[in-house]
Amino acid sequence: MFQRIITAILLLAIIVGAFQLIQAKTSQSEVKQEFDRLVAKVGRLEITDPKKFHVIPIETNEPFHYAWRVYMPEGLSIHRKTKFFSGGSSSSSTSGQPNESIFRARFRFVDDEVKVYVKSGSGSSTMGYTNKKFSQFLQDHADEMIVGSLADDGTRVFDTDQVLTLLKLEIPEHLQDEARLAWNKRDKRKRTLPPLILTQMGTQEAFAAAKEKKNE
Amino acid sequence: MSDPFSNNEEAVPAKSSSPKLLQFSVLTIMLLTAAVGVWVAQIQTAEQTELMRLEIPNLQKAARELIIVDPNQYTAVQHHMTWNDDFRWRIYLPEGHRYQLAFATEKIDSNNLVEPFDTQVVEPGEYELELQYKREKDDSFRIAVLLDEKVIFEQLHPAGWNDNSGSSGASNISDSVQRDVDAPLEIMRTRFHTRDEKGNSSSAQGPVNGILIWLDTVDE
């Protein structure tokens with residue numbers, strides 16, 4: 001008799017549990033659908049250590065268009081620096097609260113000009129380089145450029161004493177001569193051309209330390 | 001008194017009851033395992049759902065989506081800018097009113113609304129709003145406002161309208177915001193800087209050229 005009661009209780013627990021599980025799965029399916037849609041749009045930035053930088057790429061589905069979600073710990077003076085051909089831009093800001101920003105670098109080819117829009121947090125800048133041949137060269141070889149983009153795979157975590165290179169776009173070895181000709185870079189030593197764009201961020205101290213290390 | 005050495009079959013009841021107990025135990029263990037399994041799965045599913053549910057507001061914010069908490073208020077969000085002239089918003093206009101979208105490009109001061117260049121009545125609902133701002137080759141400007149991809153305002157200005165001295169202000173909305181419909185909702189206010197006789201650029205105190213877009217209810 002006692003065994004039958006136990007069996008009946010367990011069967012009841014299974015039936016009720018299964019019913020609850022079906023309900024939970026149904027409820028999860030709706031939430032998951034919305035969650036997955038948003039993750040596909042902006043990625044999932046998992047903050048595992050609030051005292052460190054966290055970076056995740058955002059899919060843009062466009063060539064020459066790169067974007068990231070970046071988490072910055074509170075109380076840091078963040079310096080942002082972009083080199084683009086022979087020019088560049090830089091900005092600094094202090095993060096009061098821990099905050100998350102969208103960083104973006106997007107190229108456009110307008111008439112004879114190569115333009116880049118760089119957005120880092122609340123600041124942005126647009127830079128241009130007018131050279132018809134080089135603009136055409138870049139468009140012709142868009143798929144062959146060496147793209148060094150931070151956080152190619154999921155959320156990446158960095159100590160705040162590091163300078164983060166978000167984007168470094170370089171010309172591959174086999175296209176250097178053609179690029180030099182298009183860029184009109186006359187260099188008898190044929191040194192490797194500098195990156196087309198180099199976008200970095202980090203604390204002032206990290207940049208200073210990196211510069212010191214480079215000079216050693 | 002019974003003889004302990006006799007072959008009485010009643011003396012060995014363990015043989016017959018042991019398999020029954022084992023069968024019952026296996027069944028009980030199987031049922032217990034199934035019950036624990038189904039409840040653990042249920043609890044894990046509920047926990048995962050809750051974690052996703054908690055993360056959704058952050059994701060919505062990161063994706064710059066409309067977050068409508070009070071359906072009786074204006075809600076607006078600016079989409080992420082992908083270029084310096086990329087101004088797009090998602091707006092929600094609550095039921096119970098009719099609205100007008102207003103657009104001005106001249107005599108814009110720091111705080112007040114001005115006589116609009118044009119207005120457009122808009123019914124309650126959700127819309128995509130876009131400002132297109134383009135400098136033509138002859139340095140003139142074409143400014144257009146689109147609602148759900150249809151041009152509702154368009155204005156052309158000669159080169160002097162914006163002498164490229166800089167500007168202050170831009171979209172008044174970035175992350176999703178909600179505002180009471182009792183007051184107009186400013187979407188964008190940008191004011192062009194002016195140059196003095198020495199050529200120095202600065203933000204003027206009085207009304208200047210620029211772009212102002214706002215929403216207001218229409219009196220019945």
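This note goes through a predicted model with chains A and B, point by point.

1. Basis of the model. Residues are counted from 1 along each chain as its sequence is written, chains are lettered from A and ligands numbered from 1 in the order in which they are written, and side-chain values use heavy atoms, with hydrogens and water left out. Because the model is predicted, local features need pLDDT of at least 70 and side-chain atom pairs count only at pLDDT 80 or more, while totals for chains, interfaces and linings use all residues.

2. Domains. Chain A is split into domain 1 (1–42) and domain 2 (53–215), with bounds that come from an automatic or database domain assignment. The C-alpha centres of these two domains of chain A are 48 Å apart. Chain B has domain 1 (11–62) and domain 2 (74–217), and their C-alpha centres lie 59 Å apart.

3. A nonpolar patch on chain A. Met1(A), Ile5(A) and Ile9(A) make a nonpolar surface patch of about 350 Å². Patches are built from residues with over 30% relative accessible area and no salt bridge; like charges are joined within 9 Å, and nonpolar side chains (Val, Leu, Ile, Met, Phe, Trp, Tyr) within 5 Å. The areas come from the Shrake-Rupley method with a 1.4 Å probe, and for residues only the protein chains shown count as cover. Met1(A) sits in the segment before α1 (2–42) of chain A; helices (H or I, at least four residues) and strands (E, at least two) are DSSP runs, numbered from the N terminus. Met1(A) counts as exposed because its relative accessibility is 76%; buried means under 20% relative accessible area, exposed over 50%, and partly exposed in between (1.4 Å probe, protein chains only).

4. A negative patch on chain A. Asp140(A), Asp143(A), Glu144(A) and Glu178(A) gather in a surface patch of negative charge. Lys and Arg count as positive and Asp and Glu as negative, while His and the chain ends are not counted; the place of a charge is NZ of Lys, CZ of Arg, CG of Asp or CD of Glu. Glu178(A) belongs to helix α3 (residues 176–183) of chain A. With a relative accessible area of 40%, Glu178(A) is partly exposed.

5. Side chains of opposite charge can pair when their charged atoms come close. Asp36(A) and Lys32(A) form one of them (2.8 Å, N to O). Both residues lie in helix α1 of chain A, four residues apart, which is about one turn of the helix. Asp36(A) is partly exposed at 34% relative accessibility, and Lys32(A) is partly exposed at 37%.

6. Salt bridges in chain B. Asp175(B) and Arg64(B) meet in a salt bridge (3.0 Å, N to O). Asp175(B) is in the loop between β8 (167–168) and β9 (177–179) and Arg64(B) in the loop between α1 (13–62) and β1 (74–78) of chain B, so the pair ties together parts 111 residues apart in sequence. Asp175(B) is partly exposed at 29%, whereas Arg64(B) is buried at 17%. Asp86(B) pairs with Arg88(B), the closest N and O atoms being 2.6 Å apart. Salt bridges that share partners also join Glu34(A), Arg37(A), Lys41(A) and Glu65(B) into one network.

Conventions: Salt bridge = Lys/Arg side-chain N within 4 Å of Asp/Glu carboxyl O.
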